[in-house]
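Biologist: Could you walk me through this model before I start on it? I would like to hear about the sheet, the aromatic rings and the cores.

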Amino acid sequence: MKTIVFKNGYFGKEPVIRLEFPFNFQLNELVKTYPECHWDPKQKVWRVPHTEDQLNDLLGFFKGKVGLDYSQLHLLKPIPSNPELPPLTEVIAWEINNFEDWMRNKRYSENTIKTYKESVAIFIRFLENKPLGEIDIADFEKFNTEYIIKRSYIASFQNQVVNAVKLFFQNRQLRKLDIELIYRPKRPKTLPNVLSKEEVKAILEVHGNIKHRSMLSLIYACGLRRSEVLNLKPIDVDSKRGILLIRQSKGKKDRKTPLCGTLVELLRQYYVACKPYTWFFEGQNKGEQYSAESLQNVLKQALRKSGIQKPVTLHRLRHNYATHLLESGTDLRYIQELLGHNSSKTTEIYTHVSTKSLQNIKSPFEDL
């Protein structure tokens with residue numbers, strides 16, 4: 001009997017149970033049917049939220065169907081839950097609130113504000129509200145060793161705290177802690193998963209619903225992020241000029257991207273059929289923005305219907321757009337502009353996944 005090994009892990013700041021097993025089609029299909037199970041494309045593993053009752057539910061669900069090994073699993077708590085740490089004093093809470101106001105005035109995103117505020121609070125609570133003027137790198141060393149490493153928190157959380165603490169002390173204490181020089185962990189470098197054009201076509205055309213087909217097609221055809229699709233308004237689609245305007249996306253930037261004739265025709269059919277009013281893609285109620293979760297489900301349904309087994313996310317459709325552009329000969333500088341990347345280094349990852357140049361390399365094995 002095949003065996004699933006349960007292990008601890010994190011998705012963002014939330015603890016999860018990793019379901020690890022050598023790839024097996026039948027077992028993979030069984031795992032998919034567990035209601036709370038999700039595929040993590042970065043770590044290439046199935047995961048479920050780690051709650052107090054989750055293990056019992058998993059055991060009950062898989063009992064008699066597959067072997068289970070949970071000897072390596074131990075109960076974890078979400079990172080924000082730290083009742084063992086003392087609460088903030090009024091003085092430090094006031095400083096953090098001022099830091100929050102400063103970030104909001106500088107137009108940081110609400111997600112960044114929330115994350116940085118929580119990270120700074122955890123760091124100072126760990127130090128038992130030590131006066132800000134007395135905190136130095138040695139305190140971060142203690143926090144790193146006794147809090148982050150001891151609790152096996154992932155590298156992204158450590159990087160997050162480094163960024164937050166650095167910015168907080170620059171803003172509130174007008175001094176710089178060079179903690180990133182010592183405690184900035186290396187992030188694993190993974191390559192985006194690339195689909196063939198035939199696989200992309202199968203995913204985009206499998207939906208009979210024209211709204212679903214239009215959303216997925218727009219993501220791939222224009223290399224859009226999920227939020228960029230959801231925030232589109234009818235006025236942003238200039239079908240006569242074949243231009244799509246993406247407003248205030250990541251980095252608070254506007255950009256334009258071309259619309260090909262085939263896509264324009266598909267979007268016209270969608271517009272006539274659905275008559276969107278406020279948002280270009282609306283939910284069940286008129287004027288209601290389509291939800292991110294519903295869009296993710298649209299992709300999941302397409303993958304299931306098309307039979308594509310590769311790990312695919314909405315963002316990976318954007319990756320495939322860039323890779324296919326590069327393979328067709330588009331200059332990397334144009335791809336950078338189309339994707340809205342600030343740095344060419346971000347765009348250069350696609351040179352590692354493009355197969356066009358690799359296929360032209362002759363192996364010395366052929367000369368043997």
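Predicted model: local features only at pLDDT ≥ 70, side-chain atom pairs only at ≥ 80, totals over all residues.

Biologist: OK, what is the strand order in the open sheet?

Modeller: The order is S3-S4-S2-S1-S5, an open sheet of 5 strands with mixed pairing. Strands, like helices, are DSSP runs numbered from the N terminus (strands E, at least two residues; helices H or I, at least four), and two strands pair if DSSP finds at least two bridges between them.

Biologist: And which strands stand at the edges?

Modeller: Those are S3 (38-40) and S5 (67-69), each of which has a single partner strand, so one side of each is left without a neighbour in the sheet. Neighbouring strands here are turned by 40° against each other on average, direction ignored; the axes behind such angles are lines fitted to C-alpha atoms, for helices over the stretch in contact, and angles run from 0 to 180 degrees between N-to-C directions.

Biologist: How many bridges join S1 to S2?

Modeller: There are 7 bridges between S1 (residues 3-11) and S2 (residues 14-20), and the two strands run antiparallel. Asn8, for instance, has Ile17 in S2 as its bridge partner.

Biologist: What does helix H1 lie across?

Modeller: Helix H1 (residues 25-32) lies across S1, S2 and strand S4 (45-49), and it runs at about 20° to S4. Contact means heavy atoms within 4.5 Å.

Biologist: Switching to rings, how many aromatic pairs are there?

Modeller: The count is 17 aromatic pairs, where rings of Phe, Tyr and Trp (its six-membered ring) pair if their centres lie within 6.5 Å, and planes under 30 degrees apart count as stacked, over 60 as edge-to-face and the rest as tilted. Phe99 and Trp102 make a stacked pair, with 6.3 Å centre to centre and 15° between the planes. Both lie in helix H3 (residues 90-105), 3 residues apart, about one turn of the helix.

Biologist: Is Phe99 buried or exposed?

Modeller: Phe99 is buried at a relative accessible area of 0%, whereas Trp102 is partly exposed at 27%; buried means under 20%, exposed over 50% and partly exposed in between (1.4 Å probe, protein chains only). Together with Tyr108, Phe168 and Phe169, they form one aromatic cluster.

Biologist: Where do charges sit over rings?

Modeller: Arg172 lies over the face of Trp94, at 5.9 Å from the ring centre, and Lys233 over that of Trp279, at 5.1 Å. The rule asks for NZ of Lys or CZ of Arg within 6 Å of the ring centre and within 35 degrees of the ring normal.

Biologist: Last topic: which residues touch the most other members in the largest nonpolar core?

Modeller: Of its 43 residues, those are Ile203, Leu216, Leu218, Leu244 and Leu259. A nonpolar core is a set of buried Ala, Val, Leu, Ile, Met, Phe, Trp, Tyr and Cys residues joined through side-chain atoms within 4.5 Å. Helix H9 (210-222) is among the elements that each supply at least two residues, and H9 gives the most, with 7 residues. Apart from this core lies another, of 32 residues, among them Tyr10, Val120, Phe123 and Val162.

Conventions:
Residues numbered from 1 in each chain as written. Heavy atoms only, no water.
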